[in-house]
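Colleague: I'm new to reading structures and would like to go through this one with you. Can we put it on screen and take it piece by piece?

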Amino acid sequence: MKTVDLQPETTISYAALLEKIEILRSTLRWAQSLDRPQINKLLNQCTTLREEVLRLSHTERFVKASASTPRNLSVAQRRHALLERDFQFEGVFGDSPKLIESLEIAEKAARTDLPVLIDGESGTGKELMAKVIHANGNRAERPYITVNCGAIPENLLESELFGHKRGAFTGASADRAGKFEAANGGTIFLDEIGELPLIGQVKLLRVLQSNEIQRVGSDQVISVDARIVAATNKNLLEMCKAGAFREDLYYRLSIIHLTLPALRERRDEIALLIEYLANEAAARLQRQPVKLSRRLTSFLDAYDYPGNIRELRNIIFRISCLAADTADIEHLPENVRSRVPERAVQAEPDAAATSLLDAKRKASDEAERIYLQECLAKANFSVTNLARNIGMNRSHVQTLLKKHGLNARRTAAKAPIHGAASGASSTTAT
């Protein structure tokens, strides 16, 4: 039996997709027998349909995102609007105006295939932002390949990026695909692009211009379709003036340009990040989230974090590992501890104050557990609905549920029915 060709259309609509699905159904309904090549062809057509449905879904989300956000909305309202649009973001973010603006740019850029340049200090989350752009775009189901431009020796750069043919140089014992071929159809993240030597910049510019590569030692031209997201902690414009970075490459890469603010410019997020990272560390170390003494909390709130979020994460994981129940100044890394004011080191909270603090924390934890349990029931035991209803990221909500031993599926199974009292609801450990 002959299978029908489903040609891709430039304009996608639900009606067109339904028509293609009916063609496939008809093919399968009237088939007397199918050989393996015909089965493979039908499977490929099903895959194409799935990708078109995903692309259409992303298009609708992009239309919502592209509608200009009214400037009379508060930053908190703009943040909530991002979450309402099912914006994919692994982690947490607060109400920093600079960060919200960067996230809004990332959301709009994600739907396109335009190159994106992300800059910011080391540790501000540039790689996370690259993953956000990939996850919210049309290529989310395709490969995501990371390249650290500063870690590749100059003599191996071309082979690493574009691959090589067997015998192209000493040690090339077999044909090898490069990073760009591996990222074909998906996204390639070029981290520390400012470390790329000039010869590598020339070759990268050629890829951007022609979407073609050549393996080392080969004359064959290979077409590649990889969306480029680059990141740097350097000032590339200053490097262009100094002749260390090609100006034409800079303007090719920075069609969409966004800057991530340093953590010291987002102090309202520090407490939120500490809670999130403490829960993450607890899950990794299989322990209860570490508590922080008053003086440690005060210090972390005021600290400048030259290493930004990466440094804060290292601190929280360290104290979660070293502290028994409550972490204090003594559990900080030595280089950070040396920055603690002398009066803070000498000041010891009295037992009554510490006991009251513990009592407040326990009460707060219990209130949080009850709140999550009730909201989970109202959200029909859907983590996605729960996250949307309370204005949090799905990953953060999952961390909180795990912290309190709440599991949406198991809780739903034990939920009261027919108007039974809410007190009958049960929680189980994950």
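**A serine and its contacts**

Colleague: Which side chain does the side chain of Ser293 join in a polar contact of 2.8 Å?

Modeller: Before we start, this is a predicted model: local features need pLDDT of at least 70, side-chain atom pairs count only at pLDDT 80 or more, and totals for chains, interfaces and linings use all residues. Residues are numbered from 1 along each chain as its sequence is written, and side-chain values use heavy atoms, with hydrogens and water left out. A polar contact is a pair of N or O atoms within 3.5 Å; within protein, one must be able to donate a hydrogen and the other to accept it, and residues adjacent in sequence count only if both atoms are side-chain atoms. At 2.8 Å, the partner of Ser293 is Asp328.

Colleague: Why does Ser293 count as buried, and what is its relative accessible area?

Modeller: Ser293 sits in the loop between S8 and H12; helices (H or I, at least four residues) and strands (E, at least two) are DSSP runs, numbered from the N terminus. Buried means under 20% relative accessible area, exposed over 50%, and partly exposed in between (1.4 Å probe, protein chains only). Ser293 is buried because its relative accessible area is 10%.

Colleague: What is the strand order in the open sheet of 5 strands?

Modeller: Two strands pair if DSSP finds at least two bridges between them. S1 pairs with S6 in the parallel sense over 4 bridges, and S1 also pairs with S7, again parallel over 4 bridges. S2 and S3 pair in parallel too, over 5 bridges. The order is S2-S3-S6-S1-S7.

Colleague: Which strands are at the edges?

Modeller: Going along the order S2-S3-S6-S1-S7, look for strands that pair on one side only. Those are S2 and S7.

Colleague: In S6, what is the bridge partner of Ile118?

Modeller: Val116 and Ile118 point one way from S1, Leu117 and Asp119 point the other way, and all are buried. Asp119 stands opposite Thr259 in S7. In S6, Ile118 has as its bridge partner Ala231.

Colleague: At about what angle to S1 does H5 run?

Modeller: H5, residues 126–135, lies across S1, S2, S3, S6 and S7. Its buried residues include Met129 and Ile133. Axes are lines fitted to C-alpha atoms, for helices over the stretch in contact, and angles run from 0 to 180 degrees between N-to-C directions. H5 runs to S1 at about 155°.

**The cores**

Colleague: How many residues does the largest nonpolar core have?

Modeller: A nonpolar core is a set of buried Ala, Val, Leu, Ile, Met, Phe, Trp, Tyr and Cys residues joined through side-chain atoms within 4.5 Å. Phe180, Leu190, Ile193, Leu204 and Phe245 have the most contacts inside the largest one, and its residue count is 31.

Colleague: Which element gives the most to this core?

Modeller: Elements giving two or more residues include S2, S3, S6 and H8. With 4 residues, the one that gives the most is H8.

Technical notes: Contact = heavy atoms within 4.5 Å.
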